[in-house]
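Subject: Structure handover

Dear colleague,

Here is the structure for your files. The notes on what was found in it follow below.

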Amino acid sequence: MEHNDCEITNNLRLICCCEAFSYTWFKDDFVEGSDESMKCILVIHLFLAGTLLRYWYAVKHGYRATYGRTQDREDAKKAVFDMTDLSMLRCFKTYLESTPQFILQLYILMEHGQITIFQYISIVASIFSISWSTVDYQMSLRKSLPGQKGIHVGLPLLSYTSYKFFTLTSWIVSVVFLLTCNIHIFAGFMTLLGVAGFCWAWKQDTDFCKTKRMEILYRAVVGIILVFTFFNVKGTKTRISISVYYSVRYFSTSGILTLCFFLRPEFARTVIFAVLSIATVVTLGLGILSMILYYACFHPTLHCLIHPKEDTVDGICEDRSRITSFIMP
């Protein structure tokens with residue numbers, strides 16, 4: 001009963017966090033209209049229905065852009081921006097709620113000592129769902145940025161999806177291994193990574209939100225996301241930072257696998273550990289290879305129409321609207 005109450009409380013906190021960001025974005029983007037409109041939007045968010053309101057705006061603008069008499073391009077832009085906002089909120093929800101819950105579920109399965117083929121399939125499907133939320137956000141973001149090319153369907157999309165899927169698979173299994181070894185080491189290590197991500201976001205001097213409090217909350221969320229996957233928080237050159245990030249990931253994964261042999265030798269001799277440890281190493285290698293392939297051959301900034309010499313990994317154009325300050329995978 002206490003566990004259910006705790007889960008409900010955590011889910012409520014997450015929902016409130018997403019609603020706070022949603023209302024802040026409405027307020028930052030609010031240009032025309034009366035104060036009554038923003039008051040109505042505030043009331044809707046207080047009833048935790050801000051996401052539904054965003055879906056309504058996305059459908060409305062999309063319908064006007066497609067079937068309206070004038071087929072206004074402005075409505076088309078608004079529809080794309082609405083979907084980008086929604087995609088980012090889904091990304092927040094994935095890494096703040098779905099990913100930690102999935103780690104806990106995978107830990108419980110490992111502790112039982114047996115995993116069926118159907119559970120393996122469920123694990124793969126869950127990780128793909130987490131990966132796809134990142135890919136979906138990246139695709140939505142690039143559609144909304146002026147002068148930026150999107151990810152083409154085919155090898156570019158496949159390589160980027162593979163990069164996220166394989167690196168996330170390797171890391172999630174690794175942290176579950178650490179959790180099975182020692183929960184205190186797991187908590188300390190994840191906290192350290194989260195604080196490091198928050199400090200890096202702070203050092204980047206992000207300017208996503210107009211208020212200081214929301215900017216601090218934003219950097220905290222970015223710090224949590226960085227525990228699981230790499231994001232470019234400023235749209236600047238990331239060759240060095242992404243290299244450092246995955247170097248740390250490589251040494252952390254190697255250290256966790258080694259730690260399992262010392263702290264839980266009986267678990268390290270099981271078939272489950274053998275299968276998953278091999279999968280961890282193989283997927284990390286495949287993920288890094290897919291990342292190199294994507295950034296070397298298929299990244300949209302390689303053929304960017306704006307400032308091609310200034311962008312090497314993830315760049316932004318001159319438009320300094322809020323949408324250009326979004327974190328970029």
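Does Ser277 count as buried or exposed? Ser277 counts as buried because its relative accessibility is 13%; buried means under 20% relative accessible area, exposed over 50%, and partly exposed in between, with a 1.4 Å probe and protein chains only.

Some conventions before the rest. This is a predicted model, in which local features need pLDDT of at least 70 and side-chain atom pairs count only at pLDDT 80 or more, while totals for chains, interfaces and linings use all residues. Residues are numbered from 1 along each chain as its sequence is written, and side-chain values use heavy atoms, with hydrogens and water left out.

Overall content

The protein chain has 11 helices and 0 strands. Helices (H or I, at least four residues) and strands (E, at least two) are DSSP runs numbered from the N terminus. From the N terminus on, the order of elements is α-α-α-α-α-α-α-α-α-α-α. The chain has 329 residues, of which 46% count as buried. Contact means heavy atoms within 4.5 Å. Among contacts between residues at least 6 apart in sequence, 73% join residues at least 24 apart.

Helix 11 and Ser277

Ser277 lies in helix 11. That helix covers residues 271-298, and its 28 residues should span 40 Å at 1.5 Å a residue; the end C-alpha atoms are 38 Å apart, which agrees. The expected span is 1.5 Å times one less than the number of residues. Buried residues of helix 11 include Ile272, Phe273, Leu276, Ser277, Thr280, Thr283 and Leu284. The side chain of Ser277 reaches the backbone oxygen of Phe273 at 2.6 Å. This falls under polar contacts: pairs of N or O atoms within 3.5 Å where, within protein, one must be able to donate a hydrogen and the other to accept it, and residues adjacent in sequence count only if both atoms are side-chain atoms. Leaving aside residues up to four places away in sequence, Ser277 touches Phe177 and Leu257.

Helix 6 has 27 residues, which should span 39 Å at 1.5 Å a residue; its end C-alpha atoms are 39 Å apart, in agreement. It is mostly covered, with 25 of its 27 residues buried. Leu157 is in this helix, which runs over residues 155-181, and is buried with a relative accessible area of 14%. The C-alpha atoms of Leu157 and His299 are separated by 9.7 Å, although the two residues are 142 apart along the chain.

The axes of helix 6 and helix 9 (residues 239-263) come within 9 Å and cross at roughly 35°. Axes here are lines fitted to C-alpha atoms, for helices over the stretch in contact, and angles run from 0 to 180 degrees between N-to-C directions. Residues making the contact include Thr167, Trp171 and Phe177 of helix 6, and Arg249 and Leu257 of helix 9. The crossing is left-handed, meaning that the near helix is turned anticlockwise from the far one by less than a right angle; clockwise would be right-handed.

Arg249, in helix 9, counts as buried at 4% relative accessibility. Not counting residues up to four places away in sequence, Arg249 touches Thr167, Trp171, Val227, Phe228, Thr229 and Leu284.

Helix 8

Helix 8 (residues 212-228) has 17 residues and reaches 25 Å from its first C-alpha to its last, close to the 24 Å expected. Among its buried residues are Glu215, Arg219, Val227 and Phe228.

Leu48 lies in the loop between helix 2 (35-46) and helix 3. Its phi is near 60°, a positive value in a residue other than glycine. Most residues other than glycine have a negative phi. Leu48 is partly exposed, at 35% relative accessibility.

Thr51 is in helix 3 (residues 50-67) and counts as partly exposed at 26%. Its contacts, not counting residues up to four places away in sequence, are Glu19, Leu86 and Leu89. Thr51 and Cys18 are 33 residues apart in sequence and 8.3 Å apart in space, C-alpha to C-alpha.

Cysteines

With a disulfide taken as a pair of cysteine sulfur atoms within 2.5 Å, the count is 0. Cys16 is in no disulfide, and the nearest cysteine sulfur, that of Cys17, is 8.8 Å away. Cys16 is partly exposed at 37% relative accessibility, and Cys199 is partly exposed at 44%.

Regards
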